[in-house]
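Please consider the structure shown below. The paragraphs that follow lead through a pocket, a helix and the loops beside it, and a pair of rings.

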Amino acid sequence: MARGKIQIKRIENTTNRQVTYSKRRNGLFKKANELTVLCDAKVSIIMFSSTGKLHEYISPSASTKQFFDQYQMTVGIDLWNSHYENMQENLKKLKDVNRNLRKEIRQRMGECLNDLSMEELRLLEDEMDKAAKAIRERKYKVITNQIDTQRKKFNNEREVHNRLLRDLDARAEDPRFEMMDNGGEYESVIGFSNLGPRMFALSLQPTHPNPHNGGASAASDLTTYPLLF
C-alpha cells in the first residue's frame, strides 16, 4: 500500500512538529554523509530548530573554519569584514569612555581645570561637595559605631566592678569577718604600691579555726579582693 502524499505546510501540533524535525534532520544528515563518502564531497549543514537549538553536520575531511574560508574565496566575499568593523567601533567607544573617566579623575584631583568653563567648574564643585558629604556621613557612622562599642565595654566593666564591691560588702557584713587595723584576729588592710594609683588589695582572714586542720588557725588561707575607685 502506497503511502499518501504529505501536504507541505507548517505542522501545528508542537509534539508532531518536533518529531518530524528530528526524523528529517537525521535523514538529511544521513544523505550528507553518503555524499561525503560516495562522491568525496565537502558538505556542511547548519540547522536551528524552532526553539533555537543548533544542529550541524560537516564532512570529516574539513573543519568549519576551512569550509567558510573556502566559501569566501570561491564567492569572493568577506563574511567577517562587517563583524570586524563593529568590533573596531566598539573598541573606539570604549577608549573614549576610558579617556573621559581618566580626565574626570584628574579633575577631581585638581588637575586639568584650565579647559573647564564656569558652568563646568560649578558642576564639578557640586559633585565634589556631594562626594565629601557622603564620605563625612560614612565617617560619622563609623565613629558612632566605635563609640557605642566602647560604651558597651565600659558599662560591662563597670558592672563587674560594682558586682565585686557588692560581694566585698556582703563579706564585710558577715559576722564571721571583722576589720581591725593592727594586732587582732584579722590582718589589716594591706596596700600594694605596685597595683597602680587608687587601687588596694584587701586580705581577710576568718577568726574561727579550720576544723579540717585539727583546730589549727587558717592563717594561710587568705582571700584577696581588688578595690577600684
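In what follows, Ala, Val, Leu, Ile, Met, Phe, Trp, Tyr, Cys and Pro count as nonpolar, Asp, Glu, Lys and Arg as charged, and the others, Gly among them, as polar. The model is predicted, so local features need pLDDT of at least 70 and side-chain atom pairs pLDDT 80 or more, while totals for chains, interfaces and linings use all residues. Residues are numbered from 1 along each chain as its sequence is written, and side-chain values use heavy atoms, with hydrogens and water left out.

Rolling a probe the size of a water molecule over the atoms shows where empty space is left. On a 1 Å grid over the protein atoms alone, a pocket is an open set of points where a 1.4 Å probe fits, with protein on both sides within 12 Å along at least five of seven lines; lining residues have an atom within 4 Å of a point. The largest pocket has a volume of about 300 Å³, a volume being the space filled by probe spheres set on the points, which are joined across faces, edges and corners. Its lining consists of 10 residues, and Ile 6, Lys 9, Ile 11, Thr 20 and Arg 24 lie nearest the centre. By class, the lining of the largest pocket comprises three nonpolar, two polar and five charged residues.

Helices (H or I, at least four residues) and strands (E, at least two) are DSSP runs, numbered from the N terminus. Ser 22 belongs to helix H1. With a relative accessible area of 25%, Ser 22 is partly exposed (buried means under 20%, exposed over 50%, partly exposed in between, with a 1.4 Å probe and protein chains only). Asp 40 is found in the loop between helix H1 (14-39) and E1, and its relative accessible area of 67% makes it exposed. Most residues other than glycine have a negative phi. Asp 40, although not a glycine, has a positive phi of about 55 degrees.

Ser 49 sits in the loop between strand E1 (44-48) and strand E2 (54-58). Ser 49 counts as buried because its relative accessibility is 9%.

Two aromatic pairs are found in the whole structure. Phe 67 and Phe 68 form an edge-to-face pair, 6.3 Å centre to centre with 85 degrees between the planes (ring centres of Phe, Tyr and Trp, for Trp its six-membered ring, pair within 6.5 Å; planes under 30 degrees apart count as stacked, over 60 as edge-to-face and the rest as tilted).
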